[in-house]
Amino acid sequence: MTVLALVLVVGALLLPNRMAALQVNRFTRIPGEAIIGAAVLLALPRRARIAVAAVVGTLLGALTVLNLLDIGFLEYLGRDFNLVLDWGLLDDAQSYLADSMGGTVAALAAIGVVLLVVLVLSLMALATVRLGNILARHPRRSTQGTLIAGTAWIACSVLGLQYAGIPVASDRVANRVTSEVGQVRDTLRDEAEFAKVARSDTFGNTPPDQLVPDLRGKDMIFAFIESYGRSAVEDPIMAPGVDATLQTRTAALAKAGFHAKSGWLTSATYGGSSWLGHSTTLSGLWVDNQQRYRTVMASDHLSLTKAFQKTGDWDTVGVMPGVQKAWPEAEFYGLDKVYNAFQMGYQGPKFSWSTMPDQYALEAFQKLEHGKERDKPLMSEIILTSSHQPWAPIPTMVGWDELGDGSVFDAIQEAGKKAPDIIADSTKSREEYGKSVQYSVTALTEWLERYGTDDTVLVFLGDHQPISRVSGQNASRDVPISIVAKDPKVLDKIAGWNWTDGLKPASDAPVWKMSSFRDRFLTAYGSTPHPTTG
């Protein structure tokens, strides 16, 4: 039991917060915090020693949980867990599990996580108390051992001794605590500073008649394809299929009279939190965390979609198959009407997290809004979800006239691959992710080919890269973006952007921050800046 307690405490002190760093050499170091802790416990009377040991052990347990959260967040979102902002995302993670693998699995996972956290905190507290009692039982030997360990730590630190490339003298916990305190401080400071930034807007006071005058009369569609990232176009496993689809669909659109130009945007998010990518693109602000998102949504900052509503010359609508609850963000995005997952008449099966296939959502959009006679052109924001992880099962295209109420997808969903078979296998995940992107691009461009008119303008892009298990370690945050239109004047307006012809951006096509797109787009199509200041 004593050996186990020692292993737990030393392991917690040395545990890295990166999956790649979980190597033997990380656990062959001398933790300086253990030496200081031993000295403190030796100096305390019994009751105080037990109380301090229990508190320190609990804090070590909490640090262990935080390290594990960092590992998970880095895997899925490409960043560390934020102590101030990210607690709400844990609820989203449970919802994702429920939608992807069923409510029972999600409930069991939640119970398991709670029990694991309680177990870690309890075991670490008990282990630290046990070690403190042992130190007190043998004060002379413990004092000698502490002095020897302290001398060794100082010597290793001064001499810079390393084992397998890692310093033998460790002060990891001290550095980690300092880092967390700094992150909390920076997060709180950022909240105040970003609120000022959000109040400044290049086009905040632009009169309605001076917004996008060069797009008057056009049916505008802004579509986001879930997880459509640069890796889909360049990774050796995904790219062959995706690139072939992009080439095929470019040719099909050209035959129908549509032409495209494509480039790259660097997303504000990675692996998930799609709403951050949507808001960054449409607000022109760098929205890379939940606090910034809340600040933007509560502001009067002009979103790109709301600019069309502000003119009074467009009807505006949102198609949101991933929204399953109240969505007050519609006001910020300037949407007169929003169709959520329950308002499009879908009676077919869910495809893991996705409530309905993209093809059905697009056909519903056609029947409910786009295909109707109206006095004004339509501006639409569409969020396509079929390429959302875990990429199993994936829908397949059916005849557009066969979609009906979506029941046609019952057999397709039943015959599809199962999420548990894909989720843990990197190669399978990459293969299925590539197929899902092919499906989403095909559905969107076939819809345009079938229902687009001379006045239709489609802007579509990815919201973020897929998780690192699919996109690869150290992958960029770039996503493709394309503008498609029949009217050559629309693409002539962005000729100076030097984007690539067609749906596939060249590897050396321009790369812009996602937050720069709004202003570039508004400027390209004739909007006149009239700034507001914070």
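# Close-up views of a predicted model

View 1. Leaving aside neighbours within four places in sequence, Thr-456 is in contact (heavy atoms within 4.5 Å) with Asp-219, Ile-221, Phe-258, His-370, Leu-448, Val-484, Ala-485 and Lys-486. The model is predicted: local features need pLDDT of at least 70 and side-chain atom pairs count only at pLDDT 80 or more, while totals for chains, interfaces and linings use all residues. Residues are numbered from 1 along each chain as its sequence is written, and side-chain values use heavy atoms, with hydrogens and water left out. Thr-456 lies in strand β10 (residues 456-462); strands (E, at least two residues) and helices (H or I, at least four) are DSSP runs, numbered from the N terminus. With 0% relative accessibility, Thr-456 counts as buried. Buried means under 20% relative accessible area, exposed over 50%, and partly exposed in between (1.4 Å probe, protein chains only). The Thr-456 side chain reaches the backbone nitrogen of Thr-453 at 2.8 Å.

View 2. Strand β5 (residues 219-225) pairs with β9 in the parallel sense over 6 bridges; two strands pair if DSSP finds at least two bridges between them. Strand β7 (residues 315-319) also runs parallel to β9, joined to it by 5 bridges. Ser-380 is the bridge partner of Ile-221, and Val-317 stands opposite Ser-380 as well.

**View 3. Glu-180 in helix α7.** Helix α7 spans residues 172-199 and contains Glu-180. The relative accessibility of Glu-180 is 10%, so this residue counts as buried. Its side chain and that of Arg-176 are joined by a polar contact of 2.7 Å. A polar contact is a pair of N or O atoms within 3.5 Å; within protein, one must be able to donate a hydrogen and the other to accept it, and residues adjacent in sequence count only if both atoms are side-chain atoms. Not counting residues up to four places away in sequence, Glu-180 touches Leu-66, Asp-70 and Leu-83.

**View 4. Packing of helices α12 and α19.** The axes of α12 (residues 304-311) and α19 (residues 517-524) are 10 Å apart, at an angle of about 35 degrees. Axes are lines fitted to C-alpha atoms, for helices over the stretch in contact, and angles run from 0 to 180 degrees between N-to-C directions. On the α12 side, Leu-304, Ala-307 and Phe-308 meet Phe-517, Arg-518, Phe-521 and Leu-522 of α19. These contact residues divide into 6 nonpolar, no polar and 1 charged; Ala, Val, Leu, Ile, Met, Phe, Trp, Tyr, Cys and Pro count as nonpolar, Asp, Glu, Lys and Arg as charged, and the others, Gly among them, as polar.

**View 5. Ile-394 in the loop between β9 and α14.** Ile-394 is placed in the loop between β9 and α14 (410-415). Ile-394 is buried, with a relative accessible area of 14%. Residues up to four places away in sequence aside, Ile-394 touches Phe-351, Ile-412, Glu-432, Lys-435 and Ser-436. Ile-394 and Ala-419 are 25 residues apart in sequence and 9.9 Å apart in space, C-alpha to C-alpha.
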